[in-house]
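Colleague: I would like a close look at one part of this model, the aromatic side chains and the core around them. Please take it slowly, and give the cut-offs as you go.

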Amino acid sequence: MNSVELRELTTDFGPVIGIVEETGERVRVTDGGEPAGLLLPAAELAELEHFAQRVHGGPRPRPRTVRETPAGPQRQGPYTRYAYTDGVRMTFTRDRLVVAELRTVDELDWLENNARTARQSFMDPKQAAAFEEFLARQPPVGDGMAWIAADWRQQEPFTVLEFIKGPTPEEAALAYGADARDITDGLLLHQVRDRDAREGTDDTYQVLAFGEAGEWTWLGYHDFSFSRRLDPPPRQQITLTATMAKGIYDFRYSEDGVYQNPFPLEDSADTRRDMYELIWYTPGQAPFAPDAPLGFLSAHIRRAEEHTDWTDGIALFFAGLERAFGLSLPRDAITSGHVRCARPAQR
């Protein structure tokens, strides 16, 4: 049986469901000869749902036409039918176990397209571990970022370093409260430094520097000058903050606004914090538990220990980040001040 009319499915569904359960094959459902939906095994639908929910594929389509809903659950032989309020979608059970589902053509197309996208990036745990091992051995992108660790630890040239995926550098700077005129004029960091040297001012500590490296927008500034506000939250965001007076150097990582790295080894809800202090990292020891959201970082940091000349713990942590996420900062441009910047907008 390859096709069945919807009216048959609402009056005599037992034989059809038996075929689906026995063969595991789909059955087309038509309404007056026109496609209305597909009847498929519940296990197949569960797999599609599992993968489809992992990608953003727009809103799930709903039935275009609402039909009269069969009254209450109906039993035929070993099967029971539960109809949705739209009168099209249905769930069929046997002995309280779901065995088959009826879904509209549009909804099933949406599920299959999203599931196909998600499957393309899916790897089983062994594959994922091998792939992370491969990535951890790759050299940093561009200049990397470990080079700035020592100066950053001394709060130079910035106390805050941020990497954001999604917004452009200009969009991020404006969202953080930077002056739109400075952005339009293309103000450069060395211009502010030169003026400070001439006039004895300290405007360098009041500006936000920004740029783009690889897939990331980077920002550098001093914590008291700008507020962090991005709406909606970026897809990925990494924040590194140095507070030399208190000896606090912290790392935060978020995906879609959801914080990913509770303290200290991500194994206890009772000890969650809003940051991970880099002084907790000890070379030779994994900073995150293997099954934690950031467990994959440990392999990259260990590879940085094995394959770089960095010895300071913070520089090694940075070297791990640059390999794990593809982070980089333009060394010559930042050192010479040939990077864009902006002062806080006038309130």
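Does Tyr276 count as buried or exposed, and at what relative accessibility?

Modeller: Tyr276 counts as buried, because its relative accessibility is 2% (buried means under 20% relative accessible area, exposed over 50% and partly exposed in between, with a 1.4 Å probe and protein chains only). The model is a predicted one, in which local features need pLDDT of at least 70 and side-chain atom pairs count only at pLDDT 80 or more, whereas totals for chains, interfaces and linings use all residues. Residues are numbered from 1 along each chain as its sequence is written, and side-chain values use heavy atoms, with hydrogens and water left out.

The aromatic pairs come next. There are 12 of them, where rings of Phe, Tyr and Trp (its six-membered ring) pair if their centres lie within 6.5 Å, and planes under 30 degrees apart count as stacked, over 60 as edge-to-face and the rest as tilted. One of them joins Tyr253 and Phe325, which are tilted, with 5.0 Å from centre to centre and 40° between the planes. Because Tyr253 belongs to strand E12 (residues 248-255) and Phe325 to helix H11, this pair ties together parts that are 72 residues apart in sequence (helices, H or I of at least four residues, and strands, E of at least two, are DSSP runs numbered from the N terminus). Both Tyr253 and Phe325 are buried. In another pair, the ring centres of Tyr276 and Trp280 are 5.6 Å apart and the planes stand at 85°, so this pair is edge-to-face. Trp280 counts as partly exposed, because its relative accessibility is 33%. Tyr276 and Trp280 are also members of one aromatic cluster, together with Phe251, Tyr281, Phe288 and Phe317.

Phe251 leads on to the largest nonpolar core, which has 45 residues and in which Leu240, Phe251, Leu278 and Phe318 touch the most other members (a nonpolar core is a set of buried Ala, Val, Leu, Ile, Met, Phe, Trp, Tyr and Cys residues joined through side-chain atoms within 4.5 Å). Helix H11, residues 313-325, gives the most to this core, with 9 residues. Leaving aside residues up to four places away in sequence, Leu240 touches residues including Trp152, Phe163, Phe251, Leu278 and Phe318, where contact means heavy atoms within 4.5 Å. In soluble globular proteins, nonpolar side chains tend to be buried together.

Finally, one ring has a charge over it: the charged end of Arg153 sits over the ring of Tyr249, 5.6 Å from its centre (this requires NZ of Lys or CZ of Arg within 6 Å of the ring centre and within 35 degrees of the ring normal).
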